[in-house]
Amino acid sequence: MTIKIIAGKYKGAKIITPDSARPTLSRSKQIIFDILESFSSNTKNFFENKIIFDCFAGSGSFGIEALSRGADFVYFADIDKNAIKVIHKNIKHIDAENSCCIMKTDIQNIKNSNKYKSQICDILFLDPPYGKVSIYRTIEHLRLNGWLNSSSIIVTEEDKKNKENLSMYTILKTKEISHSTFKILRINN
């Protein structure tokens, strides 16, 4: 399956998805990016100068869309070797190898190390396999290991029939689209 980049410098580029992934529909992705861009306080591009972390990345669709819209750098993480191969192909296809780091790792166990040096990210996309991974535990693990702070924006996607309680965070927006619930939130100080 292929999906298209919606906007920005890579608009229209087709990227492939691994068989193991559940790709987010283009319509859903467009809505989420429109919401994020509405947070911009001026006419400046919302994604400009941002560091992005695309967790459970699958095809890397969210991170590539952010790069296309002006993000400086994207970390992609997935544990599936086929997903990692696909992300490498997609990044090579758009010639963005110098703007990203692709990590084959279990995101719930990632540690700050010489191999994966943590950096506070401006935006985290967190789209784990529905019902198999705790979003709360993943966010807390990344926070404790230096990837997130109270200024980071976190975008989660989960099955709308099996939503996790994330009320301990500041929820900026909740949007149900098709079978998914998206939440945009921040960690409280």
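Start by selecting Lys 163: at 41% relative accessibility, Lys 163 counts as partly exposed. That label covers the range between buried, under 20% relative accessible area, and exposed, over 50%, using a 1.4 Å probe and protein chains only. The model is predicted, so local features need pLDDT of at least 70 and side-chain atom pairs count only at pLDDT 80 or more, while totals for chains, interfaces and linings use all residues. Residues are numbered from 1 along each chain as its sequence is written, and side-chain values use heavy atoms, with hydrogens and water left out.

**Stop 1: Lys 163 and its partner**

The term means a Lys or Arg side-chain nitrogen within 4 Å of a carboxyl oxygen of Asp or Glu. Lys 163 sits in the loop between strand E7 (153-159) and strand E8 (170-177). Glu 176 lies in E8 itself, 13 residues from Lys 163. Helices (H or I, at least four residues) and strands (E, at least two) are DSSP runs, numbered from the N terminus. Glu 176 is partly exposed, at 43% relative accessible area.

**Stop 2: the four-residue network**

Now select Lys 29, Glu 37, Glu 65 and Arg 69. Salt bridges with shared partners join these residues into one network. Zoom in on Glu 65 and Lys 29, which pair at 3.6 Å, N to O. This pair links distant parts of the chain: Glu 65 is in helix H2 (residues 61-68) and Lys 29 is in helix H1 (residues 26-38), 36 residues apart. Across the model, the count comes to six salt bridges.

**Stop 3: helix H2**

Eight of its eight residues are buried, so H2 is largely enclosed by the rest of the structure. Among them are Phe 62, Ile 64 and Leu 67. Step past the end of H2 to Gly 70, whose phi is positive, near 115°.

**Stop 4**

Jump to Glu 140 and Arg 143. Their side chains meet in a salt bridge at 2.6 Å, N to O. Both residues lie in helix H4 (residues 135-144), three residues apart, about one turn of the helix. An α-helix has 3.6 residues a turn, so residues three or four places apart point the same way. Colour the pair by accessibility. Glu 140 is buried at 14%, whereas Arg 143 is partly exposed at 33%.

**Stop 5: zoom out**

Show the whole chain as a cartoon. Trace them along the sequence and the pattern reads β-β-α-β-α-β-α-β-β-α-β-β-β. The radius of gyration is 15 Å, close to the 16 Å from the globule rule for 189 residues, so the chain is as compact as a globular protein of that length. The radius is taken over C-alpha atoms, and the rule is 2.2 Å times the number of residues to the power 0.38. Along the principal axes, the C-alpha atoms fill a box of roughly 40 × 40 × 30 Å. Of the 189 residues, 50% count as buried.

Finish with contacts, meaning heavy atoms within 4.5 Å. Among those between residues at least 6 apart in sequence, 64% join residues at least 24 apart.
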